[in-house]
Number of protein chains: 2
Amino acid sequence: MTDAPAPSRLAMVPFVSVARMMEMVNAIGPRRMMAELAEYIEEDFRRWERFDKTPRVASHSPEGVIELMPTSDGETYGFKYVNGHPSNLKRGFQTVTAFGVLARVDNGYPVLLSEMTVLTALRTAATSAVAARHLAPKGAKTLALIGAGAQCEFQALAFQEMLGIEKIRIYDIDPAATRKAAANLAESGLDITPCQSGEEAVAGAQIITTCTADKQYATILTDNMVGAGVHINAIGGDCPGKTELHRDILLRSEIFVEYPPQTRIEGEIQQLDPDHPVTELWRVITGQSEGRRGPDQITLFDSVGFATEDFSALRYVRDQLDRTGHYEMLDLLADPDDTRDLYGMVMRAKG
Amino acid sequence: MTDAPAPSRLAMVPFVSVARMMEMVNAIGPRRMMAELAEYIEEDFRRWERFDKTPRVASHSPEGVIELMPTSDGETYGFKYVNGHPSNLKRGFQTVTAFGVLARVDNGYPVLLSEMTVLTALRTAATSAVAARHLAPKGAKTLALIGAGAQCEFQALAFQEMLGIEKIRIYDIDPAATRKAAANLAESGLDITPCQSGEEAVAGAQIITTCTADKQYATILTDNMVGAGVHINAIGGDCPGKTELHRDILLRSEIFVEYPPQTRIEGEIQQLDPDHPVTELWRVITGQSEGRRGPDQITLFDSVGFATEDFSALRYVRDQLDRTGHYEMLDLLADPDDTRDLYGMVMRAKG
């Protein structure tokens, strides 16, 4: 590598690496950061109709999928690159990695490049908590977490911070994963109960979160495990062929989703008729539709993750840059003195 | 900004900034680099049928467009982010900026992030020269270049290197642009003739390249300007509502395109019936279709730029990294020791 001439200010794009993102999370604190993120996510759900929405653009292969998730609110454009490769775990790679970009719609210039593996974990938990604020039974104190993978601790802390959850009951088919999560949450102030089965985990829980990682039709929750009045937050079923709940639970529940055209393909409701009634979360948040109607109703947030949530998360991160300083500048854009003289710029760089 | 812990090798993605790309171009030499790029582009046209092709995913606004152009050959996935904002010029921004990513299909991990503003200029000229190798009249020595913007010099040098062009006749409605191009090419060994009109520029030229930038239906070439046997390389008409050639020229020409579903919307042929016959360039390159049939035929390459060309260009750049060293490493991907312990990784970064 040799020295290069200093690029102009217009050529530079703020970049939040994984290391900078971790600094940012630790500086703000994961609970506070998720609560602040939740405000951005809820704000964007409130102006849902302003967004240019499109199902993700997926490139499938036998090993997994690579997706681009673009959206725009008319002023700002954003997209996330994300892969999903369940077999990666066995090979020492992450199942999911992600990064994202925000850009100005008026001139097309990127204004942020950010890692999104950590950020997606934060926004997913924040989105779950936003939905639960509108759907979970009042005064819920106990959360069952089924699946103690990468998302588990974020869920626990977001629900502690935003819903006042005090007790967490964790179950994973791998006891080591449960121990990992319990150890990470040891100083959180939460009362943690590691459980030996899903049945044990859901006992007494007013909210059940399923966040397992198998890429297959699984039955993490059977019908008899779900009592009246429970709120279910199903976030592990997020691609075609991957579900977590028995179909009978869906038939007993009032179902809330992010963006129906995507959830019909990827969510729990791929098990149901394509015209099975669902309520869009943004309608509940804006008061156009009712959320929970009573203490005995089972509510289900069938969450698959949508582009606007990533947009909200990137928007939040961009707004923290000046406050936290946790970023670097990348020379990503060409900016010749004379915009028609791209060739001359290259030649002058020989210096 | 504070110090961050060193990320693992798996977390790192090679990054070619604008400065590094300019170093690479100058180290390899623009002519040699375009000739080498052309081999990658032609190789990917030869295996056209292996690619997962999709029209670009566009987000339109009154000011312009932001596009994602993904493709995959089954082993490698690539996409380009590119904007097109004609009004940017007046405001001191680039009309077009771009960057791109290559990733492994088998695990979804990005393996290259690169600027693509400079790289797109190189690949566009290299693609033009690939097409001309198959379509231009034998022994062509004179190239007319109409439009002396950012693409002009790259076209001149690619055609000099790959087709043996010796004389360049340049016209732009702005004489300053023509002077800029002539000055940049002064030491190229090309015989440069600045012209006062399009008519003057095309006089005696066997190849005509139109590369103007207006976002409107324009008539850069009228019917009487195009004589028998000429090859036209139309690259400025590249979005809906933007064309450069009079319709009568199209009706006299044998038309070659990259990917018909995209060219019908964006290219010169948006002026023709949707079933007007065109020949795909890859069929000519693989010998499945005839290219130029005789010395009097007018051939037209209606080029709009396709995702596979960007893929070829990114593939070429990736192959130069070890050879040239013109890159940096970016900490873009999260790589916890235990893939399920993302939260623990974030907490341990507090150090």
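At what angle do helix 2 (residues 30–46) of chain A and helix 10 of chain A pack, and how far apart are their axes? In this predicted model, local features need pLDDT of at least 70 and side-chain atom pairs count only at pLDDT 80 or more, while totals for chains, interfaces and linings use all residues. Residues are numbered from 1 along each chain as its sequence is written, chains are lettered from A in the order in which they are written, and side-chain values use heavy atoms, without hydrogens and water.

The two helices (DSSP runs of H or I, at least four residues, numbered from the N terminus) pack at about 125 degrees, with axes 9 Å apart. Axes here are lines fitted to C-alpha atoms over the stretch in contact, and angles run from 0 to 180 degrees between N-to-C directions. Helix 2 of chain A is therefore oblique to helix 10 of chain A (angles under 35 degrees are roughly parallel, over 145 roughly antiparallel, 65 to 115 roughly perpendicular, and the rest oblique). Residues in contact (heavy atoms within 4.5 Å) include Tyr40(A) of helix 2 and Tyr316(A) of helix 10.

Helix 10 of chain A (residues 307–324) also meets helix 3 of chain A (residues 117–135): their axes come within 10 Å and cross at roughly 115 degrees. Among the residues making this contact are Leu119(A) and Arg123(A) of helix 3, and Ala313(A) and Val317(A) of helix 10.

Turning to the two chains, the contact takes 85 residues from chain A and 85 residues from chain B. Four salt bridges are found across the interface of chain A and chain B, a salt bridge being a side-chain nitrogen of Lys or Arg within 4 Å of a carboxyl oxygen of Asp or Glu. Arg91(A) forms a salt bridge with Asp106(B), with the closest N and O atoms 4.0 Å apart.
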